[in-house]
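Student: I have a structure open on my screen and would like to talk it through. Could you help me read it?

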Number of protein chains: 2
Amino acid sequence: MSESAPEPVTHPAPVATIASLAAHQGRRVTLRGWLYNIRSSGKLLFPTFRDGTGTIQGIVPKAAVPPEVFDRIKSLTQESSVIVTGRVRADSRAPSGFELDVEDVEIVHLVPTGAPFPITLKEHGVDFLMEHRHLWFRTPRQSAILRVRATIMRAAQEYFDTHGFVRTDPPILTPAACEGTSTLFELDYFGDPAFLTQSGQLYIEATALALGKVYSFGPTFRAEKSKTRRHLTEFWMIEPEVAFMDLEGDMDLAEAFLIHIVSTVLANHRADLKVIGRDIAKLEAVIAPGRFPRATYDEAHAMLERAFAEGKLEAPHIYGDDLGSPDETYISSQFDKPVMIHRYPAASKAFYMQPDPADPTKALCVDVLAPEGYGEIIGGSQRVDSYDLLRARILEHNLPLAAFEWYLDLRRYGSVPHSGFGMGIERAVAWICGLDHVRETIPFARTLNRIYP
Amino acid sequence: MSESAPEPVTHPAPVATIASLAAHQGRRVTLRGWLYNIRSSGKLLFPTFRDGTGTIQGIVPKAAVPPEVFDRIKSLTQESSVIVTGRVRADSRAPSGFELDVEDVEIVHLVPTGAPFPITLKEHGVDFLMEHRHLWFRTPRQSAILRVRATIMRAAQEYFDTHGFVRTDPPILTPAACEGTSTLFELDYFGDPAFLTQSGQLYIEATALALGKVYSFGPTFRAEKSKTRRHLTEFWMIEPEVAFMDLEGDMDLAEAFLIHIVSTVLANHRADLKVIGRDIAKLEAVIAPGRFPRATYDEAHAMLERAFAEGKLEAPHIYGDDLGSPDETYISSQFDKPVMIHRYPAASKAFYMQPDPADPTKALCVDVLAPEGYGEIIGGSQRVDSYDLLRARILEHNLPLAAFEWYLDLRRYGSVPHSGFGMGIERAVAWICGLDHVRETIPFARTLNRIYP
């Protein structure tokens, strides 16, 4: 079946992965994985195998293998684990570019026909799939999403690691709330109350003043009772913080960071994005030459007023309010690239944001809205660096001063202008993969109604 | 002061970091940072600046700068934030190899002499330092440890990222305990009990069967009431899990992984290790040619029996018991490299460990002991792949079967031999940096008595 001279089958075939088959073209390999699907057509079997790196179709003509091998392959059930030996053959019709002329299959574990793999190739409801999440992510689309997620996380860290940032891990268990306690998970810490972190920002402000440029990367938590397609109770955040950086530098950083992430995904996951069904042109537009558009809150408000006047928005945007989901969708739909909205009214923003010296009613902050209506993926700001102002802000927001004494110390001892942002990984994955719901962006989603498996 | 022709001082000097001064030798630069210390000797000032990437000594002859600049520099207090302009001069006596001929200093924030930086260059007690952890890590030794920690974390991920592993994040909020509930932090999850994870292993066994080779990297928690130099309540774990890998493969992986980490630290942090006071020869021995020694539990027991007979151990090791801290210290002191002790008695080990087919009273597990008495840094095993055996083990250990149904599914559908391990980051940092206590290995340590700052 191959044009090269056949090697004696007694030679052991080297173990390969499906993703690396191009390097083994025309040669015998051993694959270790699972049966994804099998079709038969009279004297031909077409088993499709998966091994976590991809899928490949095998071909087994009855005449080409001993009868017991043919029968063994024919007996395979979905998700049975196998060790497959065969010869790699280029085939331009195959999605991966290769097919496997199967010579032998060793069954590691046969899934019994009486208790088959619960996720068949038919449609299943979302509740059923989430209840079987530990099996669901074996399917091609879910596997592809998890591979892209891993690359997004790697690329995000890589950007900081290669630009002089030091990773510093803030605590998960914290004694006080960063932005109020209503959406915090509380627990008993040897007799004292403790809360799961919502953001590492305050802590990495401290490490930024020690190390200059830092980032944190870990899980964060919100005990949010809302059931939306954009909220998880447990999600991953990556947050840089930079001493001596202002809001303009923060926006430049966010832009370069997002371009690196999208470029890295495009360079490594075109096949996965195809499996997911992503329109790759939308991602290519993000990294095309040209800066990300930037607009002040006031400019965004004016855009929304015009849109409402022209009947393109159902409700008017009220000046001073945050941007609603339809507002964000409208604004992001006007551009091919992420849009940066900066300088929101200070009154609605967090206590730690520096006022704009040109107009102290505005905060030096930025939200980055992903294209295609995916909404905010990054929120950042320049932080208050004056001790007196920060102390007044903490009191205004009725936060417990004692819990923030250490944070005030950062303004007592060598305060500097500093800025940072946070990006939620799951929202970034939803956008880059083009997903409707964040529950598919993480191996084991935690939502209001789900903490299993 | 420099041999090259002086540039006109009106030219803006480029912003540089102290770590990058070699690239600016003989030229003017702007540094942004903090005053670490200042000495004066009559008409000479010697301010030492830090910027998070390192420290550099400046020299200010009174005659070389305008009087107001001299007075301004003289007024600087410890940790005042500054923007410094000066010319970089190579000086072989300087720890960094360079000194700075200071031309000007702009004060960003002057720490008042009446309320000075609390951590002086004198000795402080540990409680005081931990209470001021947000400031303590500005000091050279603590900064250096955090930089090395960041590189250990990066190198650990890099090893897996470049060897075909997919990062998959297990949940932090879990409905059940991996190894019993006595040391779990519990919280209320919208009316149901939930626990903070102690290990992602069970979850990444599921992703390994989907993606082949995976790893997790996140915080883990133990509500341990013990106060020791080796325990934190919140610590970071990196855990690989590989389908179709046996214990021998697991040990090979752990060895290659540790060599990559130590090599990367040595390649990037010799100056930091010097600041920390680490004996670098001990680390060089780890990566020198030659395999890590491996011994079975039985062989280790025999070593300990001999050592006790020769008076080298105070207490005998009881066969069947785990290795105690003096046992681990004795064994690791016999070798320059980490030692792998494998095949412990199954009775004392976790329910999910595969029995050794050659002797089912032994588990196919391994502990990697760091040299110099640092004890266990890695624990790993081959996992039970038989449904019947795993189910029996769960019942034997009085674990709630319902909570493990999803985990049993991994043996119902295409079970395969698989193995993995976990490395605690803080113990690895303690070993590689040569620290007495894990509290210095993480930015904000959480211990029995500490959750602030």
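Tutor: Gladly; let us start with a term: contact means heavy atoms within 4.5 Å. This is a predicted model, in which local features need pLDDT of at least 70 and side-chain atom pairs count only at pLDDT 80 or more, while totals for chains, interfaces and linings use all residues. Residues are numbered from 1 along each chain as its sequence is written, chains are lettered from A in the order in which they are written, and side-chain values use heavy atoms, with hydrogens and water left out.

Student: What percentage of the interface residues of chain A are also interface residues in chain B?

Tutor: The contact draws 93 residues from chain A and 93 residues from chain B. The copies meet through the same surface, because the share of chain A's interface residues that are also interface residues in chain B is 100%.

Student: Which three residues supply more than any other three of the area that chain A buries against chain B?

Tutor: Buried area is the accessible area (1.4 Å probe) that two parts lose on being put together, summed over both. Chain A and chain B bury about 7,100 Å² between them, with 68% of it on carbon and sulfur atoms. Of the area that chain A buries against chain B, 11% comes from Phe190(A), Phe244(A) and Tyr413(A).

Student: With which residue does Asp169(A) form a salt bridge?

Tutor: A salt bridge is a side-chain nitrogen of Lys or Arg within 4 Å of a carboxyl oxygen of Asp or Glu. The rule finds two salt bridges across the interface of chain A and chain B. For Asp169(A), the closest N and O atoms are 2.8 Å apart, and the partner is Arg149(B).

Student: How many residues does the largest nonpolar core have?

Tutor: A nonpolar core is a set of buried (under 20% relative accessible area, 1.4 Å probe, protein chains only) Ala, Val, Leu, Ile, Met, Phe, Trp, Tyr and Cys residues joined through side-chain atoms within 4.5 Å. Ile331(A) and Phe257(B) have the most contacts inside the largest one, whose residues number 114.

Definitions and conventions. Buried < 20%, exposed > 50% of the residue type's maximum accessible area, 1.4 Å probe, protein only.
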